[in-house]
Amino acid sequence: MITRQRLAAGVCALLAALTAGMAFPAGATADEMEGQDAPKVELVLDVSGSMRTRDIDGGTRMAAAKQAFNEVLNATPEEVQLGIRTLGANYPGNDRKTGCKDTAQLYPVGPLNRTEAKTAVATLVPTGWTPIGPALQKAATDLDGGNGMRRIVLITDGEDTCQPLDPCEVAREIAAKGIGLTIDTLGLVPDAKTRDQLICIAEATGGTYTSVQHKEELSDRVGQLVDRAADPVVTPVATEGATECAKAPTLKSGLYTDREEFGQQRWYRVDVNPGQELRASVSVAADRAVDLDYGLLVRAVTERGREIVRGEAAGNGRTDVISTGLRYPKPASDDESAPAETVCLQITNAFSAASGVKTTPGLPLELTVDVVDGPGKSSDVASFGLGRGWWLLGALVLTGFVAGLLWGWVSRWRVAIWRTN
């Protein structure tokens, strides 16, 4: 019995070692991002009257926010340009029109002077209204310009009190500009309405939402978001597709963003030389309520309209992002002067808006285009239909062979013991 257990353990260890070798191949390092401006972050803090509420670790919400800001300011990376904007900090009256204009830049976006920033935060006293929409509009202007990472971190304890300027619509309009600005939201002890509004704001720009109940959670999360701005990222390039191929923009390899109306078609052009392969993938996000059962289609066609290849996907409401893609290898030519082929990419969505939902701006679309050398040599394993998984196939064959030998030896040993007994 002990011998069999040891043999089984040995087989498991061998299989585990082989599996580990397959699951963790050597990682590739990312190219350094060059030519980008310094990352910019603006912290947008709610200083409305409700921030006096004492329900975060025995203290007020305002006290928790000030402590979090002080800790974050101490740990802000040197390369990050940081600013602070307030909403509801200056007008204590009851005039709604005036209260909904109450947003101001407490500390300008730029190189951080920690002492000045902390002094400015220390003076804040919970005062007035909650104009989230106007504050987001101003914050986007504060971060305007440059090509580096830009992020707004909104911290509030309540929903916007300045309707009909819906902050979710404001976030969609910011995203529709294609300026690569992300809004992350944090709700201090939020109720259901506040949570839904903050989730909508974050999702509209590809940001995150976090519910906060304790001081440490607030400090940790804000610090993570500020640090994330310093991480190198690929910034999508805003483009605008056309209604037909002849008028479409010509794209090179890269990451692009656009907006597509419900049921609309967008066209783009890509030049592919002989011996190259076009790889394209597209994602469309439902950043608002949509009807169930939707689809996405991407087609590669010639300039004369002949379809080359297509990719399609369907959804049923279980996810708010749908993606598909295609590959088109253009055969190599013996004629070195052979011209490039213009491939037209057509992207069509089959989303429909739920009742009462605004259809503008369109749904966010992200398109990845990659033109690479095609599989032209017999040594290229892609030509055998295995991609780069040949080593995985070899490892599985070796694993099966070794396991078969061990199992046969164990079986023979057990038969010999049985005959002896």
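Predicted model: local features only at pLDDT ≥ 70, side-chain atom pairs only at ≥ 80, totals over all residues.

Residues are numbered from 1 along each chain as its sequence is written, and side-chain values use heavy atoms, with hydrogens and water left out.

**Cores.** A nonpolar core is here a set of buried Ala, Val, Leu, Ile, Met, Phe, Trp, Tyr and Cys residues joined through side-chain atoms within 4.5 Å, where buried means under 20% relative accessible area, exposed over 50%, and partly exposed in between (1.4 Å probe, protein chains only). The largest such core has 33 residues, and L43, L45, I155, L186, L218, V222 and V226 have the most contacts inside it. Among the elements that each supply at least two residues of this core are strand 1 (40–46), helix 2 (61–75), strand 7 (181–188) and helix 8 (215–229); helices (H or I, at least four residues) and strands (E, at least two) are DSSP runs numbered from the N terminus. Helix 2 gives the largest share of this core, seven residues. Apart from it lies another core, of 28 residues, including L296, V298, I347 and L363.

With contact taken as heavy atoms within 4.5 Å, and residues up to four places away in sequence not counted, L186 touches I155, L218 and V222, among others.

**Aromatic pair.** Rings of Phe, Tyr and Trp (its six-membered ring) pair if their centres lie within 6.5 Å, and planes under 30 degrees apart count as stacked, over 60 as edge-to-face and the rest as tilted. The count comes to one aromatic pair: Y294 and F351 are stacked, at 4.6 Å centre to centre and 15° between the planes. Because Y294 lies in strand 13 (residues 294–301) and F351 in the loop between strand 16 (341–349) and strand 17 (363–373), the pair ties together parts that are 57 residues apart in sequence.

**Accessibility of single residues.**

| Residue | Relative accessible area | State |
|---|---|---|
| Y294 | 5% | buried |
| F351 | 5% | buried |
| C245 | 11% | buried |
| L405 | 53% | exposed |

**A cysteine in a loop.** C245 lies in the loop between strand 9 (237–238) and strand 10 (254–260). Leaving aside neighbours within four places in sequence, C245 is in contact with W267, R269 and C344. C245 and T302 are 57 residues apart in sequence, and their C-alpha atoms are 9.3 Å apart in space.
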